[in-house]
Each structure stands twice: as structure tokens, then as C-alpha cells.
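Subject: Structure handover

Hello,

Here is the structure for you to look over. My notes on what I found follow below it.

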Amino acid sequence: MYLMRIGAPGAEKPVARIDDETYVDLSDVVTDFDEAFFGSEGLERVRPLVAERAEAGQVSRFAGERVGAPIARPHQILCIGLNYRDHAAESGMAVPDEPILFTKSPNTLIGPNDDVRIPRGSTRTDWEVELGIVIGRRTSYLDSVEEARAAIAGYVVVNDVSERAFQLERGGQWAKGKSAETFNPAGPWLATTDEIDDVIALDMWLDVNGVRRQTGSTKTMIFDPYFIVHYLSQFLVLEPGDLINTGTPPGVGMGLTPPVYLQPGDVMELGIKHLGSQRQHVLGPR
């Protein structure tokens, strides 16, 4: 299934995408794609319903509605840094022996085509196309990497927008450079795991103002999604609906020579094979 949430911010309705033109409305049986939904085997509950309604022609047509993030605000957004060897190289940092974990405020989550706003005092706002993992059940202390597969509900495109000066020059944790408002566009849909044949063979890309900046593939990850989920489960409890951003391939603004950073009026376009694409206008500080 491909789960989406469409409608105005705060009033999104849950649907299942059938194709680019049609969807099955699930708002009569699902309150939202949130912790309660994922934690109560919601995916398995709606799967036959989606098939039944699609087969019966009980579908609606997209009519230009805003597309929200495909999940409601999660309990937590966890992020893995420097998870692509070539990105670590362009950043001038060593390839990590273990996943680098940092957090991102859950209220950074926005829709895939919503505006991204540069924060006050920013001089180095940057882009990062990433694969996002959505957790499907409460998870801790997994015994093996293989067990992590059953803990994953699906995958999404995310843009891990970052302010590099806040992140790297202001001391303390990376969260300061990652948690400004609008800094986590997600979607347009959540693809359940059965829709992705090989999650470590997905092409990724990102353009700024029509110029290709990032070209990569999940096959160059240092730590794959199953390893990441197993690893994190040893340190904290993952809740249903939690989002994990898994790192970015090379081509971020910080790694260019000379560096290039986002400015008001810029347009970012990005996507991952099978997971759709995003488009964001960049606004100045408010």
C-alpha cells in the first residue's frame, strides 16, 4: 500500500494512493496514520479494505489537494549522520564505526511540497535527500538484525534540511542545526515494506533551481535500514509511527567548492525511486 494524508495542515485525511490520479478514502475507518494506527496493526486492518474498495471502483480522484506528510507528528524523529561513505568524505569526516545518532524535533515535520523557511540568523541552510523509515510496532532490544524487518511499517522520502553553522559551529549537539521549523519535509507517500523489492537499491536525487546537486543510491549506505533499527533498539524504545532519517548521499551544499547554501526564492526538488518526489520553495526568516 501507499498511504497518504491530504488536506489543509491540521485537517489532513488518511487515504491509500492507487495511482497518480486516484485514491481510496480511509477517513471513515482511520482517524489518522499515527502511533495508535501503527501500534494496533492498522496496516493489516486496512489492507483488505483498500483492495476491496479499489476492486469495487470505490475510489476518489485527486483534485489538487495539499499533500501532507504521510504520517502524523511522530513521538520522535531520530537521525543517522554520515551514513554514506562518499558524503562523509565530502564533509571531511571519518567514516563512523557505529551509527551517529542525533534527534530532530518532531514539529519540524511538514508536507512534501510545503514551503521551507530559513531560520533567523542562518548563513548556511543546506539540503539533504534521505530515506526515512517509519516504525510499525513498539520495539526494543531486538535480538537480531533480521528481526528488524518486522518492526518497519514502510519508507518515505525526507529532506533533512540543516543549518550547518548552528549544527557544527555553535557547540553541543547537532539537534540545534536540525530542528528549525519546516526542516523535515516528508512524503508524498509511505510505501509499505511489501512495495519495495530491495530497499538498499533505491536511486536518490535532489535539484536546486533545476541544477542537479545530489545523485546517489541507498546501496552505498554504511548501515542499512535493518541494521539501524536493530542498533537503535539497543539504546531506546522505538514507538509505532516513529520516523528515522537514515543519512544522505554526497552533493550537499556544504560539500561543494565553493559551498552553496539555500537562499530565499530557491526551489528544491528531490525524490527516491518508488517513493515519489517533493518540491519546496525556500522562504526567508519570519
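Predicted model: local features only at pLDDT ≥ 70, side-chain atom pairs only at ≥ 80, totals over all residues.

R124 is buried, because its relative accessible area of 18% falls under the 20% cut-off. R124 sits in the loop that links β9 (116–117) to β10 (125–126). Leaving out residues up to four places away in sequence, R124 touches S162, E163, R164, A165, E169, M254 and Y261.

V145 also lies in a loop, between β11 (129–135) and β12 (152–159). V145 is partly exposed, at 33% relative accessibility. With residues up to four places away in sequence not counted, V145 touches Y226, F227 and H230. R5 is 140 residues from V145 in sequence, and their C-alpha atoms are 31 Å apart.

Now the cores. The largest nonpolar core has 50 residues. Y155, V229, I244 and L275 touch the most other members. Elements giving two or more residues to this core include β1 (2–6), β6 (77–81), β16 (203–208) and β19 (267–272). The largest share comes from α5, with five residues. Y155 has contacts that include L131, I133, W189, Y226 and L275, again not counting residues up to four places away in sequence.

Last, the annotation. UniProt, in an unreviewed entry, lists residues 77–282 as "domain: Fumarylacetoacetase-like C-terminal". Over residues 77–282 the chain is 10% helix and 33% strand. The end C-alpha atoms of that stretch are 22 Å apart.

Best wishes

Note on methods: Residues numbered from 1 in each chain as written. Heavy atoms only, no water. Helix = DSSP H or I, 4+ residues; strand = E, 2+ residues; numbered from the N terminus. Buried < 20%, exposed > 50% of the residue type's maximum accessible area, 1.4 Å probe, protein only. Contact = heavy atoms within 4.5 Å. UniProt positions renumbered as here; feature names shortened; annotations may be inferred. Core = buried A, V, L, I, M, F, W, Y, C linked by side-chain atoms within 4.5 Å.
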